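Look at the two chains first, then follow the text from their meeting place into each of them.

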Amino acid sequence: MIPDLELENLEVVYHHVATAIQGVSLRVPPGAIVALLGTNGAGKTTTLRAISGFLGADDAQIVGGRVLFQGATVTGRPPHELARRGLVLVPERDKVFETLTVQENLRALVPGARVDHDAPRPPVTLEQVFHYFPALAGRRRQLAGYLSGGERQMLALATALLCRPRVLLVDELSLGLAPRVIESLMALVARLRDELGLAVLLVEQNAGAALAVASYGYVMEHGRIVYDGTVERLLAHEDVREFYLGMGRRAGRRSYTEVKQYQRRRRWF
Amino acid sequence: MARPALMLLAALLGVTATVTPALAQYRIGMSAAIAAVLVTITLGILLRAAIVLVYTDRIRHPLPLLGLANPPRRLPGGAVVSTFDLLTVAVAATLFVGLFAFLRLSPLGIQMRAAGEKPLLAAQRGINFQLLFALSWALAGFAGALAGILYANNVRLDPSLGVLGLKAFAVALVGGLDSLGGVIPGALIVAAVEVLSVRYGDPLLADVSPFLCLLAMLPVRPWGLFGTREELERV
């Protein structure tokens with residue numbers, strides 16, 4: 001089966017000199033939720049930007065590798081074209097238009113073609129969006145700048161859905177949100193996958209939340225994929241448990257030497 | 001030069017003045033709004049020089065050339081204004097209402113406002129923001145051309161008319177740069193100050209009064225009467 005999204009040895013360089021990600025390869029099969037885990041600065045957001053065509057704004061370039069969307073090479077295509085093809089990003093920050101009302105935010109988009117060349121895409125309507133996000137229905141006329149963090153995240157997901165995505169790229173869904181809100185948003189992402197048949201690439205630091213809904217995961221460190229496998233395999237891996245989930249035998253209080261060794265160990269993950 | 005040739009040249013200059021910044025904006029994209037401003041100013045200087053070279057800097061009155069008259073009209077209150085004054089007000093009101101409806105209600109207008117706020121996010125929502133930026137330049141060019149035609153027919157036509165734009169800029173700043181609704185009170189205030197300073201002060205004050213309004217406004221509310229505070233960072 002052709003994966004909906006595939007990266008082949010992607011390499012991104014900032015300002016012509018600083019390599020941000022190197023040899024990154026991953027696959028997102030149709031209808032799957034795939035998690036991309038990693039700490040700050042691991043290159044997760046750069047990977048997403050490289051896929052969704054944002055790099056021109058950051059003085060970054062894809063210097064190697066390919067991005068394949070439903071079998072076609074889309075490396076370096078402009079973001080609006082990718083969005084219309086069905087590769088839609090929910091960014092980490094700046095995810096809603098703050099000077100527009102909720103209703104206007106939901107209209108400030110150009111949806112992709114209703115039907116793809118092979119697979120029909122789910123046409124998402126406003127009613128459906130308010131059905132998934134009832135909290136937004138009561139705030140239609142409010143400026144998006146006055147929404148809470150959780151409501152902004154909902155609005156961002158709602159607008160992304162109206163773009164009729166095939167693959168949803170979600171950057172740090174859990175950022176700055178309370179655990180209960182994160183749980184309900186993750187459950188919602190799983191529901192959207194089930195009901196609309198979306199494939200989702202979930203980029204997260206909150207490994208626990210991401211692995212609860214994902215079926216496959218990649219771990220990224222220093223711009224490379226260092227480990228990947230099914231969620232069961234990741235959850236069984238000692239280092240993932242220790243560094244990403246805070247579990248395992250070395251959890252608890254540690255001496256200074258232990259922390260030093262800990263960091264050294266992690267570098268060679 | 002024959003009249004048709006001159007008219008063709010004028011049309012060509014007008015199209016250049018609108019299309020070049022639009023294209024420049026399309027190429028520059030979101031990277032530098034300030035670059036677009038500089039392009040506009042540079043182009044303004046170049047076009048003015050070209051106009052002086054071709055037409056000389058003589059003051060002209062296009063109405064008789066067009067065979068039109070501009071008779072005075074008496075308003076119900078007793079005030080007397082020229083026909084083109086009335087026409088200018090009517091055209092400005094129509095343009096304003098049209099623009100307001102376009103930006104608030106039409107999908108394209110909402111996309112344009114979204115692209116103005118966050119071009120990157122707009123692109124991620126499938127909006128070709130470079131095209132919309134170019135379109136907004138074209139709209140601005142159209143509005144400017146309309147204002148120029150009306151003013152030239154009502155008052156005079158000479159190459160230094162571009163300075164009028166500075167007055168309009170003062171109006172926009174007084175009303176608030178990001179507030180479409182603020183333009184009307186801004187314009188009324190600036191116009192009232194101008195008329196009153198002519199009536200009770202020196203007629204020469206007319207040209208500087210918009211900037212006096214601006215000077216009075218900037219220390220108190222630098223973001224304008226109806227502007228948003230954060231907008232200052234973008235200016």
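Two residues are in contact if their C-beta atoms, placed from the backbone, lie within 7 Å. The model shown here is predicted.

**Where the chains meet**

By that contact rule, 24 residues of chain A touch 17 residues of chain B. Which elements of chain A give two or more residues to this side? They are helix 2 (79–85) and helix 3 (102–107) of chain A. Helix 2 of chain A gives the most, with four residues. By class, the side of chain A that touches chain B holds 13 nonpolar, five polar and six charged residues.

**The open sheet of chain A**

Four strands of chain A form an open sheet. Their order is 2-1-4-5, and the pairing is antiparallel. Strand 2 (18–28) and strand 5 (72–73) of chain A are the edge strands, each pairing on one side only. Strand 1 and strand 4 of chain A pair over eight bridges. Within this pair, V12(A) stands opposite I62(A) of strand 4.

**Strand 3 of chain A**

Is strand 3 (residues 33–38) of chain A mostly covered or mostly open? It is mostly covered, with six of its six residues buried. In a regular strand the side chains alternate between the two faces of the sheet. I33(A), A35(A) and L37(A) point one way. V34(A), L36(A) and G38(A) point the other way, and the residues of both sets are all buried.

Strand 3 of chain A also has parallel partners, strand 8 and strand 9 of chain A. L36(A) stands opposite V203(A) in strand 8 of chain A. In strand 9 of chain A, Y216(A) is the bridge partner of V34(A).

| Strand pair (chain A) | Residues | Bridges | Sense |
|---|---|---|---|
| Strand 1 and strand 4 | 5–14 and 60–69 | eight | antiparallel |
| Strand 3 and strand 8 | 33–38 and 199–204 | five | parallel |
| Strand 3 and strand 9 | 33–38 and 216–221 | five | parallel |

**Chain B**

Chain B has 10 helices and two strands. Along the sequence, its pattern is α-α-α-β-β-α-α-α-α-α-α-α. Of its 235 residues, 20% count as buried. Take the contacts in chain B between residues at least 6 apart in sequence: 56% of them join residues at least 24 apart.

**A helix pair in chain B**

Two packed helices are described by the angle between their axes and the distance between the axes. Helix 9 (residues 183–200) and helix 10 (residues 209–220) of chain B pack at an angle of about 125 degrees. Their axes are 8 Å apart. Why are the two helices of chain B called oblique to each other? Angles from 65 to 115 degrees count as roughly perpendicular and those over 145 as roughly antiparallel, so at about 125 degrees helix 9 and helix 10 of chain B are oblique. Their crossing is right-handed.

Helix 9 of chain B brings I189(B), V190(B), V193(B), E194(B) and S197(B) to the meeting. Helix 10 of chain B brings S209(B), P210(B), L212(B) and C213(B). By class, this contact has six nonpolar, two polar and one charged residues.

Key:
Residues are numbered from 1 along each chain as its sequence is written. Chains are lettered from A and ligands numbered from 1 in the order in which they are written. This is a predicted model: local features need pLDDT of at least 70, side-chain atom pairs count only at pLDDT 80 or more; totals for chains, interfaces and linings use all residues. Axes are lines fitted to C-alpha atoms, for helices over the stretch in contact, and angles run from 0 to 180 degrees between N-to-C directions. Angles under 35 degrees count as roughly parallel, over 145 as roughly antiparallel, 65 to 115 as roughly perpendicular and the rest as oblique. A crossing is left-handed if the near helix is turned anticlockwise from the far one by less than a right angle, and right-handed if clockwise. Ala, Val, Leu, Ile, Met, Phe, Trp, Tyr, Cys and Pro count as nonpolar, Asp, Glu, Lys and Arg as charged, and the others, Gly among them, as polar. A residue is buried if 20 or more other C-beta atoms lie within 10 Å of its own, exposed if 12 or fewer, and partly exposed in between; C-beta atoms are placed from the backbone. Two strands pair if DSSP finds at least two bridges between them.
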